[in-house]
Amino acid sequence: MTTEHQVAFFLRELETGDTWRRAAAAKGLGKLGDTEHAAVLVRAAGDPAPEVREGAAVGLGRLGVSAAGAQTLPALMDDDDPWVRRQASLASIRLGLRDREVVDAYGRLLGDPDYHLRINALEALRELGVPGDVPALVRLLGDPAYGVWGRARAMVFMFKKDPDVEAELVRTAQWGAEAARVLALWMLPDQHADRLLPSLLRVLTDDPSTEVRCAVAFRLSHVGRQETQDALFAALETDRDPEMARQLLFQLERSGDERLLGPASRWLSDERAGPSAAAALGSVGGTAATKLLRAVLTDPTTAARTLAAAAKAYGDMGGWDAVWLLLPLLDPAAPEVSEGALRGLDAMADTGFRPWERAAVARAVVARLGVATTLVWVSERVLAGLAEALPGLRELVDRTTFPLVRAAALSLLDPHNATDAGTPHDLPLFVRHLDDVDMSVRQAAAEGIAHWVEETGTLPPGEERLRDRLTALDSDPFESVRQAATEALRALDDCRNN
């Protein structure tokens, strides 16, 4: 059947077919028809059957006649049937319609009960570069569907300098429905937070919603006035909600104020607020905080998240017994606690471990590196400079099945990090991994060769074969590997010339 015959068939079906045949004919006419058939689809948009009106919307979007779409689709976006509204909105997007009537229709769809249509409206308005119905847009900050409120948040941020959007955001932060109000408070520009300070201070203690009080605490923590700081500490003393305590402890942690000691000690045993309480104690420091954190670290009933936060905080404080309290927590069976302990050791590594701590840290962290691929780079920072770790790393390079761990072990064997009596014999390890399937391993191997030649000042045996292998890396798909190989060749040249 030729296209002309198909179009003629669709036209007859639209006149005499049943509901489903008319709907299919409208869609088909949009695909195969021409500009002259736009009027037929406009008439079909008034069909009493919603299936046919839906088909007409699809057909108009396919036909591509903007004038016909602008004439018909805004009305279809207000149709009683959600499927008609959905297809009409998609057709309008497809046609790129920008008429006032279309924009208004999208604005009305922001309040549609079908969340697909709310998403369609947000996407269309974003493409058009207009906020549409501003109150409806800001209300969507409280939408239960992430696909909706996430897009609405992005839209509000996009139009944050629009006076109408800014005013509606402020109004919602003050009096909006709870879910939208919370997000509006988080997004409220600082200049408005300062202006609304008296009402925000009242909300901080009086509002029945924990989520609203938490959002106000976040906003007040960025105002930067002594009275707001004092108000936050006062709320921390009186509020009995664990989530509010968690938020306040987190916001006030960086102050290091001794007023944190009392509330933090009270909330340490709470599963939700405990981690923030431990971090707050670490920021305050001193004898009292040290005793409290030490008790948490040695209490077998401490919740995992609190134990992890306490481990990191204690490492940050760098107490004389921190290493011996943290090493037993590097248990791969408790990954959350192990991470906290590792981060605590990482904080201590900045100032260097004591001579009698180095071997124990090296053994424990190398063992962890071999069984867990998470936080490899944190482990690498802890081990950097520890010559005591080198024997274990040499065994690990060929034993591990994880490329990330293999690359880290080779990097730590690099003589720029640490050397020992075995360093002169490390070259074969680097050479073997120049052909590794993982680019990070190849790069670490080439860098290790360059630094090994610089450190030892000797040309390796089989130098010509090594040069050939490094030269072959000129065709490596990764620039970082090619650069590392070039540096290794340059190091060989410098060594030969000297």
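## Contacts of A279

Two residues are in contact when they have heavy atoms within 4.5 Å of each other. In this predicted model, setting aside neighbours within four places in sequence, A279 is in contact with E253 and A313. A279 lies in helix 19, which runs over residues 274-284.

Is A279 buried, exposed or partly exposed? Buried means under 20% relative accessible area and exposed means over 50%, with partly exposed in between. The relative accessibility of A279 is 21%, so A279 counts as partly exposed. From A279 to A184 the C-alpha to C-alpha distance is 28 Å, and the two are 95 residues apart in sequence.

## Overall form

The protein chain contains 31 helices and 0 strands. Its C-alpha trace spans about 95 × 70 × 40 Å along the principal axes. The radius of gyration is 33 Å, whereas a compact globule of 498 residues would have a value near 23 Å.

Of contacts between residues at least 6 apart in sequence, 62% join residues at least 24 apart.

## Surface and charge

The accessible surface of the protein chain is about 23200 Å², and carbon and sulfur atoms account for 53% of that surface. The chain carries 55 positive and 74 negative charges, and the mean positions of these two sets are 2 Å apart.

## Nonpolar core

Buried residues make up 52% of the 498 residues in the chain. In soluble globular proteins, nonpolar side chains tend to be buried together. Here the largest nonpolar core has 169 residues, and the members that touch the most other members are L345, L393 and L470.

Which residues are in contact with L345, leaving aside its neighbours within four places in sequence? They are V323, L326, L327, L330, F353, V365 and V382.

## Helices 5 and 7

Helix 5 covers residues 66-76, and its buried residues are A68, G69, A70, T72, L73, P74 and L76. These buried residues pack against helix 3 (38-44), helix 4 (50-63), helix 6 (82-95) and helix 7 (100-109).

L109 belongs to helix 7. At 2% relative accessibility, L109 falls under the 20% limit and therefore counts as buried. Apart from neighbours within four places in sequence, L109 is in contact with M77, R85, S89, L117, R118 and A121. One of these, R85, is 24 residues from L109 in sequence, and their C-alpha atoms are 8.6 Å apart in space.

Note on methods. Residues numbered from 1 in each chain as written. Predicted model: local features only at pLDDT ≥ 70, side-chain atom pairs only at ≥ 80, totals over all residues. Heavy atoms only, no water. Helix = DSSP H or I, 4+ residues; strand = E, 2+ residues; numbered from the N terminus. Rg over C-alpha atoms; globule rule 2.2 N^0.38 Å. Buried < 20%, exposed > 50% of the residue type's maximum accessible area, 1.4 Å probe, protein only. Areas by Shrake-Rupley, 256 points an atom, 1.4 Å probe, with all protein chains shown as cover. Lys, Arg positive; Asp, Glu negative; His and termini not counted. Charge placed at Lys NZ, Arg CZ, Asp CG, Glu CD. Core = buried A, V, L, I, M, F, W, Y, C linked by side-chain atoms within 4.5 Å.
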